[in-house]
Each structure stands twice: as C-alpha cells, then as structure tokens.
Amino acid sequence: MFKEEVPFGIRVSNIAKRINKALSTDVDMLRIKEDRHYIYELQGDWLKSLLYESAKSEMLIAQIYFQFTPEATPQLGPDELGAGVCIENVGKWEICEHNMSYIRDFTQENSFLKWWYFESIRVKEGGFTRAYFDPYLHKEVITYSVPVYSARKDTKCLLMGVLGIDIDYSDFKLEMNRKLVETIKGDIESVKKNFELVGEREALANQFINVNTFEIISKEKIINELVTKSPEMERVMALAMKAAQSDANVLLQGETGVGKDFWANFIHSRSSFYRGRLVNVNCCALPESLAESEFFGYGKGAFTGAKGDGKAGYFEAANGGTILLNEIGDLPMHMQAKLLNVIQEKSVIRVGETVPRKINFRLIAATNKDLSKLASEEKFREDLYYRLNVVPIHIPPLRDRKDDIFSLIHFFLARNIEKYQESKQLSVELLTTLINYSWPGNIRELENLMERLFVTSNSSVLGEEDLPDNVLRNIAELQTEYISTQHQTEDNGSEQQIKNPNSPPNEDGTFQKPTLKELLEAEEKRIILEKYHDLRSSYKIAKELGISQSQAYQKIKKYTSGN
C-alpha cells in the first residue's frame with residue numbers, strides 16, 4: 001500500500017519535539033546553575049550527539065543549535081561565551097567548533113536573536129520564521145525555533161533555553177519544486193497521450209507546458225527576487241558573493257535595466273556594512289553647481305541659504321554603510337578629482353570648512369558606459385577608473401541569457417496575480433513572442449510590460465493582441481535587424497538575406513519584410529543549426545533546450561534537409 005509522505009514542516013517539528021523531550025527530561029537544571037563542568041560535559045558529548053543524530057535524518061537542515069538562557073547559567077560571567085552547541089551541515093554533517101560569540105549581547109536589539117530566540121520565548125511555542133539572510137551562514141534561511149522548558153519535578157516549567165533549526169531556503173524551494181514536478185508529471189504525460197490519440201501529436205510539443213520545462217524551472221534559483229537558471233547569472237552571483245565578503249570597491253557594469261541597483265543591494269546586505277545605510281546617489285541627476293555640497297556636505301554659514309548648523313553630505317550619510325554612485329560615467333571631471341581624494345583618504349571636508357572628517361564606508365559604483373574607453377579618450381579620469389575597478393562585475397543583458405526570460409515572465413506574472421488578486425495566464429503565442437524579443441530595456445522593460453499587460457487586458461488569457469503598438473513595432477524591427485545580421489552568408493560574393501517566400505518581389509526587386517511567424521521560425525532554425533553544429537546529437541540538443549528527443553530529431557531533420 002502506498003505510504004503518504006509526511007510534510008516537510010511536520011518532519012522538522014517532530015525532530016524538534018524529540019530533542020525537546022530529551023533536553024527537558026535529562027538535563028539537571030539545578031546542577032547546571034551551580035556546576036560549570038557539568039555544562040562543559042553536556043556541550044562536549046551528550047548535547048552534540050543528541051543534535052547530530054537528530055539532524056542527520058533531514059538533509060535540508062543547514063544548521064541546528066541549542067542555546068541555554070543566561071538565567072539558566074548564572075555562573076558564566078558577562079565576558080564568557082553563551083552556553084550551547086551549534087552543528088552545521090557542510091555537506092556531510094560535520095560538527096562545527098563551539099562558537100557562540102554572537103551571544104555576548106543578550107538583548108532584543110541583537111538582530112540575530114530577535115526572531116528565533118526572543119520571539120519563540122514570547123509566544124511560548126515552536127514555529128517557523130520567514131526567510132531571512134543569515135550573516136553567519138552567508139545564505140538565506142528559514143528557522144524553526146522552540147523554547148525548551150524543564151520537565152523534571154524540582155525545576156518543572158523553568159525555561160532552559162531555545163532550540164533552533166535552520167533550513168537552507170534555496171534548497172527548500174528546489175526540493176518543493178521537485179516534488180511539484182513529480183506530482184504533475186503523470187498528468188502532463190496523460191494529457192499529451194490524449195492529444196496524440198486524436199491526431200494532435202504536436203499540440204503540446206512546441207509549448208512550454210511540458211515535463212522537461214517544469215524540471216528546468218524546478219532547478220532555478222530565486223534569491224530575494226533574483227530569478228535565474230542561466231550560467232551567466234550564476235557567475236555574477238558567485239562574484240557578487242565574494243565581493244560582499246570583502247570591503248573592496250565594486251564596479252557594476254551593464255546596460256540600463258539589467259538590475260545594477262539590485263546587485264548593489266545584494267552586495268550591501270551580505271557585507272560587514274549591512275547594519276549601515278545604503279545611500280544611492282544618481283550622479284547624472286545632480287546639478288553641477290550643487291554637486292560638491294551634496295556629496296561632501298557644507299558647514300555653518302558656508303553660503304547664503306545654508307542651514308544654521310550645516311548639513312552632512314552623501315558620504316557622511318553613508319558612514320558605517322555603503323554608498324552607491326549610480327551612473328558615475330556622467331560625473332563632471334572636476335568632481336572626479338575631489339571624489340578620488342575622498343575614496344583614497346576615507347575623509348571629507350565640508351564646503352566652507354577646513355578640517356577633514358574621518359568616515360568609513362563601502363563604495364559601489366555603477367555605470368552603463370565603457371569607463372575604460374572613456375578614460376582612453378580622456379573623458380574620465382584614468383586614476384579614478386583604476387580606483388573604482390577593483391572588483392568589476394559585468395551584468396549581461398537579458399537578450400544574452402534567454403534561459404532566464406521564461407522564468408522572469410512567470411515570476412512577474414505570479415507577482416501581479418498576488419498584487420491584484422486576479423488570476424490570468426499567457427497564451428503560447430504571446431509567451432513565444434516575449435521569449436524571442438530582444439528586450440532593449442532589459443528586466444525593467446519586462447517587469448513594466450508584464451504589469452501593463454495584466455492591468456490593461458480584460459481577458460483572463462493574455463495574448464499578442466494585448467501588446468502595445470510600440471512594443472509590436474520594436475519586436476518587428478529588432479527581430480528583422482537581428483535575424484538579418486545573423487543569417488547573412490556569402491554566395492558567389494553576394495549576401496543572401498531572409499526573404500518572405502510567400503510574397504512576390506517588389507518592382508525594385510526587393511522583398512517584403514517577413515512576418516512574425518517567419519521571423520520566429522528563422523530564429524528557431526538558427527538555434528537548432530547552431531546547437532547541431534556544436535553538439536551533433538539530438539539527445540544532447542533536447543537536454544540543453546528542454547524539449548523531448550523526438551522533437552529535437554524532427555527539428556534537426558526539418559532544418560538540415562538538403563544539407
């Protein structure tokens with residue numbers, strides 16, 4: 001008989017219950033309060049073994065720990081570490097060194113303790129936190145925490161400590177997506193067979209409603225609204241994570257709309273400066289006459305209209321945090337020299353003052369321009385460029401990572417469904433068009449278009465007819481230009497471009513522009529021929545493109561006939 005799987009949340013709470021029971025009945029609280037050697041014995045052997053054996057049964061656990069309260073261990077002085085045990089899963093459940101350095105400050109202002117520790121004590125029961133970034137694990141986690149009370153007669157109901165179980169949120173989502181795929185895979189295959197029975201063999205073949213695609217989606221990464229499964233963005237993410245762990249200057253480069261502000265936030269929130277502010281300065285929006293006072297602040301009576309006590313500038317506002325210099329390629333040359341000095345000295349002199357003020361900040365610069373080229377043309381200071389370009393991170397445009405477009409479309413669709421409390425879906429034709437669009441405005445354009453379609457369409461199924469005229473024109477023009485460039489070949493010294501085979505030539509011998517259907521087919525042909533040239537295998541092509549092997553074979557046969 002089929003045994004139904006116990007839900008993940010219940011499995012975790014059952015682990016916590018088993019540990020809670022052992023702690024509450026076996027630990028002598030009276031002895032803990034008087035004998036520090038008893039604490040060391042518990043930590044060094046019994047408690048470690050209890051947590052280790054309990055946690056091995058659930059591999060999604062990233063970390064498990066038990067923290068005694070200060071009241072339970074009064075013999076430990078204020079300069080000693082809090083008593084407890086922490087075990088981290090680093091791939092094979094290796095036990096970490098006992099390190100409770102963050103427990104020195106046992107107050108609700110300690111952001112690490114606030115939710116899993118103090119909140120669970122307040123509600124007096126176990127529960128999950130929302131996903132949050134753990135600065136000690138350097139990853140997103142959800143925590144199941146539960147207060148542990150003594151069950152022994154002489155200390156019954158006295159609070160002993162808090163048990164915490166951290167779940168890697170990315171692993172959790174991937175596992176849940178995998179289970180979703182397993183659940184619906186049979187239904188999808190059944191639907192496909194029913195279509196085949198009535199002669200509609202290709203009804204689902206070219207759509208994204210298939211098992212292969214769902215399996216690809218189940219592997220995508222979603223971190224703080226970062227949706228990606230492309231290797232290009234995984235490389236960006238890995239570099240950003242490394243940059244966050246240092247205080248080196250970062251230069252974010254990429255086209256407008258690729259998400260440079262997102263990556264600045266991503267780095268700041270994972271850095272040692274995360275407790276401070278992230279001050280976002282748009283360099284091209286500052287009036288040249290006010291730029292200096294805005295950047296560096298001004299002193300008392302510096303100029304007519306100045307505030308009585310002066311004013312701090314952007315750099316002082318970022319003290320202890322991060323300053324993001326957006327569009328730094330547009331900064332005037334005279335300001336670049338002054339900016340260089342602030343970066344080097346980590347101090348500012350307010351306008352109207354002479355004494356420098358020491359500041360500590362993390363610098364991130366962002367631009368959609370080629371600063372190296374501007375420096376060679378003497379339009380940007382070369383010394384400033386080298387100072388900024390310590391950790392360069394190039395964010396690729398959306399058109400160069402089509403693997404992410406499908407996921408982003410459905411991410412923004414789901415977000416609008418939640419925002420407007422209305423269910424809508426996309427037609428296959430619209431989905432195909434959006435995926436093959438060049439997205440000159442990148443993610444920002446995609447996000448705005450998805451919300452516009454959702455708000456303006458009266459239909460529950462969004463179609464191509466809902467696209468605004470300017471987008472349709474851009475699609476036609478950009479795709480024609482792109483495909484024409486890609487398909488130029490030499491034939492007896494003359495270039496052959498895509499023509500509309502169903503339309504007769506014009507009087508001047510030129511052909512009419514191809515239709516959208518022909519453009520999409522030409523793009524599909526380019527992809528198939530390119531993959532066939534590189535991989536030479538229908539199986540490998542199917543795996544890489546997320547289609548069935550029979551589909552891959554039919555498309556190879558279609559586009560290589562006569563070659």
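**View 1. Strand 1 beside strand 2 in the predicted model.** Strand 1 and strand 2 run antiparallel to each other and are joined over 5 bridges. One of the residues to look for is I64, whose bridge partner in strand 2 is I87.

**View 2. Strand 1 beside strand 6.** Strand 1, residues 61–68, also pairs with strand 6. The pairing is antiparallel and has 7 bridges.

**View 3. Strand 5 beside strand 6.** Strand 5 spans residues 139–149 and pairs with strand 6 in the antiparallel sense, over 9 bridges. V146 has L163 as its bridge partner in strand 6. Strand 6 itself takes in residues 159–168 and is mostly covered, with 9 of its 10 residues buried.

**View 4. Helix 1, residues 8–26.** The distance from the first C-alpha of this 19-residue helix to its last is 27 Å. That is close to the 27 Å expected at 1.5 Å a residue.

**View 5. Buried residues of helix 1.** Which residues of helix 1 are buried? They are F8, V12, S13, I15, A16, I19, N20, A22, L23 and S24. When reading such a list, keep in mind that an α-helix has 3.6 residues a turn, so residues three or four places apart point the same way.

Conventions. Residues numbered from 1 in each chain as written. Predicted model: local features only at pLDDT ≥ 70, side-chain atom pairs only at ≥ 80, totals over all residues. Heavy atoms only, no water. Buried < 20%, exposed > 50% of the residue type's maximum accessible area, 1.4 Å probe, protein only. Helix = DSSP H or I, 4+ residues; strand = E, 2+ residues; numbered from the N terminus. Pairing = 2+ DSSP bridges. Expected span 1.5 Å × (residues − 1).
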